[in-house]
Amino acid sequence: MRLSFLHRLDIWARNLLPFLLTLLMLIAGTLPLPIPHFLSLGPGLALISVYYWGLHRPGLLPAPAVFVLGLLGDLLGVAPLGVGTLVLLLVYAVALSQRRVFVAQPFLIVWWGFMMIAAGAMGVGWVFASLVAGAALDPNPVIFAYLITLALYPAIADLFARAQRAFLRAV
Amino acid sequence: MRLRGGSALRLASAKAWLHRFTFVLLFGASLALMVLGKSESPIVERARLTVTDAVTPIMNGLSRPLASIRQAYDNAREFLDLREENAALREQQARLVQWQSVARQLEAENRALRDLLKFAPDRAASFVTARVVADNGGAFVRSVLVAAGSRDGLRKGDAAVTGEGLVGRVAEVGERSARVLLLTDINSRIPVVIERSRDQGILAGDNSDNPRLLYLSHGSQLVPGDRVVTSAAGGAFPPGLPVGVVKSTDTGGAVVELFVDWDHMEYLRLLDYRLTGVLQGNSAEPAGAGLP
């Protein structure tokens with residue numbers, strides 16, 4: 001059975017969903033929000049997206065795509081060049097390797113997993129950002145960004161779950 | 001049958017190997033990017049500018065509704081304490097009228113003395129006002145993107161100010177976007193002077209909210225509350241732009257509380273004094289490229 005052109009285009013667009021959502025999170029993370037200054041998230045929102053899709057649909061967000069997203073973020077100024085890319089890749093790689101542990105687990109366990117993995121990745125990001133700068137960065141903004149990201153995880157994961165049910169059930 | 005099973009197994013292991021190889025390659029590429037970024041190569045700058053130029057119109061569109069939400073909220077709050085604010089403003093106005101007469105006197109005196117000394121006046125600045133469209137005041141970097149670039153006359157090294165004081169300097173200029181490195185960023189180094197004692201120093205960011213004063217001249221006596229303004233040293237900035245006040249002092253220098261209010265930084269004024277100091281050296285393209 002040959003699929004019609006429109007049908008194929010539809011599937012193609014649906015397959016792009018994880019990539020586009022991560023891109024959206026990356027851009028949303030840099031918008032000047034009407035909240036106090038220290039609440040800027042850096043790569044936080046994109047981190048959630050990469051973790052979520054790495055666990056649930058890694059086929060639709062392959063590693064090179066994560067790399068490209070990280071690079072775009074760094075070029076936008078989210079983190080020093082290469083550092084944001086490394087942080088995203090780390091979260092993705094660990095999520096992918098622990099997929100069997102987290103799949104079909106209750107939400108709290110998956111959240112706990114994000115807590116551990118994101119902490120490690122942000123820590124590594126801080127070390128490399130300090131190395132690139134040639135001096136120790138103030139760790140407080142990194143810790144704030146991490147805590148806010150953690151607190152936002154349930155809402156954003158819920159959003160992704162809805163998107164997944166609505167658009168990716170058939171794919 | 002056995003042979004086919006074996007080849008399937010080999011195919012699977014080859015796939016796993018390729019998978020691992022991809023990750024190693026990508027991690028290696030990230031590390032290479034860090035080195036490339038550190039080398040400040042013109043390729044990196046061009047790539048950054050291409051991306052920011054492409055994304056800035058989208059961000060400009062997205063940041064407008066956010067700005068109007070914020071404005072509505074501010075309006076509502078102001079409306080609630082209108083009476084108190086009115087009283088406070090009256091009081092302030094009375095005080096400012098006094099200051100105005102003092103300023104007029106000083107201005108006249110200043111002009112007379114300058115005439116006497118044949119003082120070469122500072123050149124007047126031209127400025128561009130631009131909307132802040134992206135705020136990376138985040139975990140690793142302290143910079144903002146503004147929706148104006150070389151086509152609006154921005155140049156690398158321009159000083160970025162708000163009504164309160166200095167915010168940072170223009171670090172990269174694209175065609176329609178520019179990146180402003182904030183005073184708090186770890187890469188920010190600004191020559192400053194203590195207004196009271198005229199002691200020179202360097203204001204250095206460390207990604208925290210309060211940058212530090214370094215390289216103060218020996219024997220300088222700082223007191224918390226001393227005003228810090230920009231210095232003309234190095235020809236980087238016009239002298240006298242307000243920066244902040246000394247918050248506390250220690251053996252290594254002092255911590256500075258900045259005047260700028262980070263939470264209400266919707267627009268930035270970018271001042272161009274046509275200075276060709278240290279900050280414009282080693283730029284990828286000649287300063288002023290794209291100017292008429």
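Predicted model: local features only at pLDDT ≥ 70, side-chain atom pairs only at ≥ 80, totals over all residues.
For the complex, the predictor gives an ipTM of 0.84 and a pTM of 0.79.

Let's start inside chain A. Helix α3 (residues 44–56) of chain A packs against helix α5 (residues 83–97) of chain A at an angle of about 25°, and their axes are 8 Å apart. Angles under 35 degrees count as roughly parallel, so α3(A) and α5(A) are roughly parallel to each other. The crossing of α3(A) past α5(A) is right-handed. Here is who makes the contact:

| Helix | Residues in the contact |
|---|---|
| α3(A) | A:Ala46, A:Leu47, A:Val50, A:Tyr51, A:Gly54, A:Leu55 |
| α5(A) | A:Val87, A:Leu88, A:Val91, A:Tyr92, A:Ala95, A:Leu96 |

Sorted by class, this contact of α3(A) with α5(A) has eleven nonpolar residues, one polar and no charged ones.

Now for the meeting of the chains. On the chain B side, 44 residues are in contact with 40 residues of chain A. Four elements of chain B each give two or more residues to that side: α1 (2–38), α2 (42–80), β1 (126–135) and β2 (143–146). Which of them gives the most? That's α2(B), with 13 residues. By class, the side of chain B that touches chain A has 25 nonpolar, twelve polar and seven charged residues.

Finally, a word on confidence. Chain B averages a pLDDT of 82, and 90% of its residues score at least 70. Over residues 279–292 of chain B, though, the pLDDT is below 50. Beyond near neighbours in sequence, that stretch of chain B has 18 contacts in the model.

Key:
Residues numbered from 1 in each chain as written. Chains lettered and ligands numbered in written order. Axes fitted to C-alpha atoms, helices over the stretch in contact; angles between N-to-C directions. Parallel < 35°, antiparallel > 145°, perpendicular 65-115°, else oblique. Left-handed = near helix turned anticlockwise from the far one by under 90°. Contact = placed C-beta atoms within 7 Å. Nonpolar A, V, L, I, M, F, W, Y, C, P; charged D, E, K, R; others polar. pLDDT = per-residue confidence, 0-100.
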